[in-house]
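Here is a short report for a reader new to this structure. Look over the sequence and the model before reading on.

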Amino acid sequence: MRTDITKINEQKNAIMIAENLLKNKNFADVIIFINNESINVVVKAKKLETEQVAQVQNIVTREFKANITNIHISTKE
């Protein structure tokens with residue numbers, strides 16, 4: 001039971017840190033959802049350039065220690 005609570009807290013902290021780091025990289029609004037191994041990142045933008053996608057992937061892989069294939073990035077205006 002204690003490890004589940006610790007895992008949830010670690011995920012919440014990672015989400016908060018990643019969202020703040022992305023906002024500091026001039027992404028207007030960012031929301032991150034985790035579902036098992038899948039990490040969904042929604043960025044407020046019309047479209048993302050290749051270097052912006054790389055920035056998102058870099059931050060998310062680092063903060064969540066995730067495999068890049070588990071990261072799904074989408075945009076929403």
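This is a predicted model: local features need pLDDT of at least 70, side-chain atom pairs count only at pLDDT 80 or more; totals for chains, interfaces and linings use all residues.

## Salt bridges

The structure holds two salt bridges. One links glutamate 63 to arginine 62. Their closest N and O atoms are 3.7 Å apart. Arginine 62 is partly exposed, at 44% relative accessibility.

The other salt bridge links glutamate 49 to lysine 47. Here the closest N and O atoms are 3.8 Å apart. Glutamate 49 has 44% relative accessibility, so it counts as partly exposed. Lysine 47 has 58%, so it counts as exposed.

## The nonpolar core

Now turn to the buried residues. In soluble globular proteins, nonpolar side chains tend to be buried together. The largest nonpolar core in this model has 18 residues. Those with the most contacts inside it are Leu22, Phe27, Ile32, Ile39, Val41, Val60 and Phe64. Four elements each supply at least two residues of this core: α1 (2-24), β1 (30-35), β2 (38-44) and α2 (50-64).

Take valine 41 as an example. Leaving aside residues up to four places away in sequence, valine 41 touches Leu22, Val30, Ile31, Ile32, Val56, Val60, Ile71, His72, Ile73 and Ser74.

Which residues of β2 lie on its covered face, and which on its uncovered face? Ile39, Val41 and Val43 make up the covered face. Ser38, Asn40, Val42 and Lys44 make up the uncovered one. In a regular strand the side chains alternate between the two faces of the sheet.

## Strand pairing

β1 and β2 run antiparallel and are joined by six bridges. Isoleucine 31 has valine 42 of β2 as its bridge partner. The hairpin of β1 and β2 has two residues between the strands. In this hairpin, asparagine 36 takes a positive phi near 55°.

β2 also pairs with strand β3, residues 71-76. These two strands run parallel, and six bridges join them. Threonine 75 in β3 stands opposite valine 43.

## The crossover

How are β2, α2 and β3 arranged? Together they make a β-α-β unit, and the unit is right-handed. α2 covers residues 50-64 and is among the elements that supply the core.

Notes:
Residues are numbered from 1 along each chain as its sequence is written. Side-chain values use heavy atoms; hydrogens and water are left out. A salt bridge is a side-chain nitrogen of Lys or Arg within 4 Å of a carboxyl oxygen of Asp or Glu. Buried means under 20% relative accessible area, exposed over 50%, partly exposed in between (1.4 Å probe, protein chains only). A nonpolar core is a set of buried Ala, Val, Leu, Ile, Met, Phe, Trp, Tyr and Cys residues joined through side-chain atoms within 4.5 Å. Contact means heavy atoms within 4.5 Å. Two strands pair if DSSP finds at least two bridges between them. A crossover is right-handed if, with the strands pointing away from the viewer, the path from the first strand over the helix to the second runs clockwise.
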